[in-house]
Amino acid sequence: MAAGYAWFLVLGSVFLCNLMKTFLSTLSSLLSKMIQKDAEQESEMRTEIQGMKMEQSSISMMDEFAKYARLERKINKTTDKLKTHVKSRTAQQAKVKWVVNIVFYIAQAALMVSLIWKYYSDPVTVVPSRWIAPVERLVAFPTGVPGGVGITCWLVVCNKVVTLGFNVFNQRSQL
Amino acid sequence: MDTGGDTSEEATGSSTMSAAQRRAEMRRRKLLLNSEDRLNRIVGFAKNGSDNNGTKAQPNRCRAQRVDIIMSRRASRRPAEPRFHLDLDRTEPWSPSSSSQRPSPFLPESSALSSLSHTATPERRGSPLPDCSEPPPAVEDDVGALRQRLKGERAPSDNISGSPRRGLQNYLSRFDDAMKLRGQLASEKPTQDGGVETEEFDPFRVFRLVGSILLAVFVRMFVCKYLSIFAPFLTLELAYMGLSKYFPKVEKKTKTTVLTAALLLSGIPAEVINRSMDTYRRMGDVFSDLCLYFFTFVLCHELLLLCGSETP
């Protein structure tokens with residue numbers, strides 16, 4: 001009939017999936033940093049622009065207009081280059097995030113389907129059927145075992161409880 | 001000599017001015033007297049065709065006179081008034097002669113009015129002019145009289161000409177709503193993307209959840225042998241309904257989502273949407289309580305089985 005710890009296995013799987021979901025954004029940013037090779041170039045450009053701006057502030061526009069203008073052009077050129085670089089980096093990050101999300105959701109769906117396949121006919125736990133009257137058939141779906149708790153009902157319950165728990169935890173951590 | 005010459009020029013100038021003014025005044029009075037007939041013509045009540053034949057030779061003169069009257073009226077009365085051709089967004093009253101206020105653009109009367117003013121505007125080049133059998137119509141006065149008339153009654157032809165205009169107004173109002181909702185959605189999206197979307201736990205919500213957990217433990221310990229576990233849960237939910245008024249009410253901010261925006265644009269009133277969302281939220285709360293209750297019950301049951309202290 002029911003495996004002794006099936007309910008715990010399902011609960012653990014749901015917990016793991018929700019945990020992974022909270023760390024998805026962190027994971028995607030880490031991956032994008034690993035993939036991105038020219039991250040230092042951006043910081044160099046920023047430093048260069050900052051240096052040029054400081055130099056420009058020390059030059060008087062009235063006295064050395066040509067130098068000032070030359071520096072202004074250099075700053076503009078470097079700023080445009082930086083903007084292009086940032087744009088491409090952002091696009092790459094978005095792409096990585098999208099891929100990570102897709103992979104995660106596929107993995108989650110596969111896990112859920114496999115759990116349902118495994119416990120299709122076995123309830124995760126059994127209680128006396130009179131305890132869960134009058135909805136014993138609904139709770140036992142799809143096993144059909146009187147008093148049993150079916151995989152679908154248990155998945156829904158675990159998902160809701162774990163989500164609630166994570167929300168409470170996030171709220172407390174924000175406070 | 002020069003001063004004498006200047007004086008005579010001034011006298012002729014003043015007499016010319018007064019003559020022009022007098023002519024304008026006469027024209028105005030004549031138009032006011034015939035406003036009813038003109039109104040009928042604008043609205044579309046056909047006059048007999050014999051009137052048209054005599055004056056067909058002077059269309060240009062009619063047009064010039066009409067333009068002249070309109071320009072003189074505008075200069076004298078409302079110099080800053082916007083043009084007629086698209087009066088969907090007018091914000092100031094039209095009629096100077098009557099004290100009628102401009103009706104809301106979303107009322108059916110105003111759409112009929114605007115459609116009629118649109119069709120009756122002769123100053124647009126190429127627009128079909130009403131017949132020149134009568135003196136050139138003062139469109140602005142006609143519109144003012146028309147407003148008063150259409151406030152009370154509506155001619156049958158108005159419905160036909162007014163419905164496309166009304167449809168256009170409806171479309172524009174919906175478009176404005178859509179743009180506003182789009183702005184709201186765009187402003188709410190960064191807050192959702194920024195972090196994990198968490199539900200807010202007000203004191204009553206926390207009380208409910210804790211109550212569900214405690215009841216589940218109590219039911220597993222003492223009650224489940226005698227009756228179904230869902231009976232105490234239903235009793236608890238009924239008790240929560242009564243206790244909710246003793247807790248401070250937290251105003252939940254209604255988020256503009258794609259679903260609510262679509263429902264609003266489809267014509268469903270915002271109040272209905274808010275009530276439905278509120279009902280849905282309450283059902284969600286009950287479902288959360290049920291899930292937590294059942295989970296705690298099963299957990300307690302398994303722990304007791306593990307401990308081996310009790311057989312079901």
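Biologist: What area is buried between chain A and chain B, and what share of it do carbon and sulfur atoms give?

Modeller: About 2,400 Å², with carbon and sulfur atoms giving 73%. Bear in mind that this is a predicted model: local features need pLDDT of at least 70, side-chain atom pairs count only at pLDDT 80 or more, totals for chains, interfaces and linings use all residues, and side-chain values use heavy atoms, leaving out hydrogens and water. As for labels, residues are numbered from 1 along each chain as its sequence is written, while chains are lettered from A and ligands numbered from 1 in the order in which they are written.

Biologist: Why is that area called buried?

Modeller: Because it is accessible area, taken with a 1.4 Å probe, that the two parts lose on being put together, summed over both.

Biologist: What makes a residue part of the contact, and how many does each chain give?

Modeller: Contact means heavy atoms within 4.5 Å. By that rule, chain A gives 28 residues and chain B gives 27.

Biologist: Which element gives the largest share of the side of chain A that touches chain B?

Modeller: That's α6(A), with 13 residues. The side divides into 20 nonpolar, six polar and two charged residues, where Ala, Val, Leu, Ile, Met, Phe, Trp, Tyr, Cys and Pro are nonpolar, Asp, Glu, Lys and Arg charged, and the others, Gly among them, polar. Elements are DSSP runs numbered from the N terminus: helices (H or I, at least four residues) and strands (E, at least two).

Biologist: How many salt bridges does a search of the whole structure find over all chains?

Modeller: There are 10.

Biologist: Why is the pair B:Glu25 and B:Arg28 called a salt bridge?

Modeller: Their closest N and O atoms are 2.7 Å apart, which is inside the cut-off, so the pair qualifies. They are separated by about one helical turn because they sit three residues apart in helix α1 (residues 2–33) of chain B.

Biologist: At what angle do helix α9 and helix α11 of chain B pack?

Modeller: About 140°, with axes 11 Å apart. Axes are lines fitted to C-alpha atoms, for helices over the stretch in contact, and angles run from 0 to 180 degrees between N-to-C directions. Residues that meet include B:Phe233 and B:Tyr240 in α9(B) and B:Leu290 and B:Phe294 in α11(B). The contact divides into eight nonpolar, no polar and two charged residues.

Biologist: What makes A:Ala133 to A:Pro134 a cis peptide bond?

Modeller: Its omega is near 0°. A:Pro134 lies in the loop between β1 and α5 (136–140) of chain A. Another cis peptide bond joins A:Phe141 and A:Pro142, with omega about 0°.

Terms used: A salt bridge is a side-chain nitrogen of Lys or Arg within 4 Å of a carboxyl oxygen of Asp or Glu.
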